[in-house]
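Please keep the sequence and the 3D view open while reading.

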Amino acid sequence: MGEECKGAGADVNAGVDPAAIEKLYEDVPPMPLMALNHISRLCKSVDASVRFYVKALGFVLIHRPPALDFSGAWLFNYGIGIHLVQRDDARRAADVNPGELDPMDNHISFQCEDMGAMERRLKEMGIRYVKRTINEEEGSPIDQLFFKDPDGFMIEICNCENLELVPAGALGRLRLPRDRHNPPLRMDGADE
């Protein structure tokens, strides 16, 4: 399952024609994007989701603009927002599998500096999770915890800072925030 995280010598872009990588960036101007701002989730119960994201992951409830005249809540922490919207007949969330914990499912991932503390928290709260370690053979093990929120949306907690970023060309296009933790970036030989 860890094939997607192999080191620089592996085919890190399986399914992408190497000759097409150069063309991929043609006619793409530098973009003014800075970072991921928020994710938005449709919820069966905004209250249950607020409790989950506050208690399990330490998010903080923040005020929403008064112009938003529909039921929902905004949470923020770690430089990212989570916007929760009450689901109704007009707003139906895409079906998710609330039972099975499949790391290949759609998910959001949070960087973690203490995987043991996070695992203990999940156990304390009785949250079912899958634990795995990948990339050990490459010398940069990545620990992962996968679990679901109250609506069945997959969440991953990882220490992915152990994985070196190796751009497949276009190194000059990467923009990394200076005031945040970033994974190591390989500068030499990245265009090979």
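The side chains of K131 and E119 form a salt bridge, with N and O 3.0 Å apart. A salt bridge here is a side-chain nitrogen of Lys or Arg within 4 Å of a carboxyl oxygen of Asp or Glu. K131 lies in strand β6 and E119 in helix α3, so this pair ties together parts that are twelve residues apart in sequence. Helices (H or I, at least four residues) and strands (E, at least two) are DSSP runs, numbered from the N terminus. K131 counts as exposed at 52% relative accessibility, whereas E119 is buried, with a relative accessible area of 13%. Buried means under 20% relative accessible area, exposed over 50%, and partly exposed in between (1.4 Å probe, protein chains only).

The model is predicted: local features need pLDDT of at least 70, side-chain atom pairs count only at pLDDT 80 or more, and totals for chains, interfaces and linings use all residues. Residues are numbered from 1 along each chain as its sequence is written, and side-chain values use heavy atoms, leaving out hydrogens and water.

**Charged pairs**

The count of salt bridges comes to four. Among them are the following.

| Pair | Closest N and O atoms |
|---|---|
| K148 and D105 | 3.8 Å |
| D149 and R41 | 3.9 Å |

K148 is buried at 9% relative accessibility, while D105 is partly exposed at 26%.

Which charged residue is buried yet has no salt bridge? That residue is D151, whose nearest side chain of opposite charge, K44, is 4.5 Å away. For this search, Lys and Arg count as positive and Asp and Glu as negative; His and the chain ends are not counted. D151 sits in the loop between β7 (142–148) and β8 (154–158). Its side chain makes a polar contact with the side chain of S49 at 3.2 Å. A polar contact is a pair of N or O atoms within 3.5 Å; within protein, one must be able to donate a hydrogen and the other to accept it, and residues adjacent in sequence count only if both atoms are side-chain atoms.

**Overall layout and core**

The protein has three helices and eight strands. Along the sequence they follow the pattern α-β-α-β-β-β-β-α-β-β-β. Buried residues make up 29% of the 192 residues.

The largest nonpolar core has 26 residues, of which Y53, L57, F110, I155 and I157 touch the most other members. Such a core is a set of buried Ala, Val, Leu, Ile, Met, Phe, Trp, Tyr and Cys residues joined through side-chain atoms within 4.5 Å. Helix α2 gives the largest share of this core, six residues. Leaving out residues up to four places away in sequence, I157 touches L57, F110 and F147, among others. Contact means heavy atoms within 4.5 Å.

I127 lies in the loop between α3 (115–124) and β6 (130–134). At 15% relative accessibility, I127 counts as buried. With the sequence neighbours up to four places away not counted, I127 touches F52, A56, L122 and F147.
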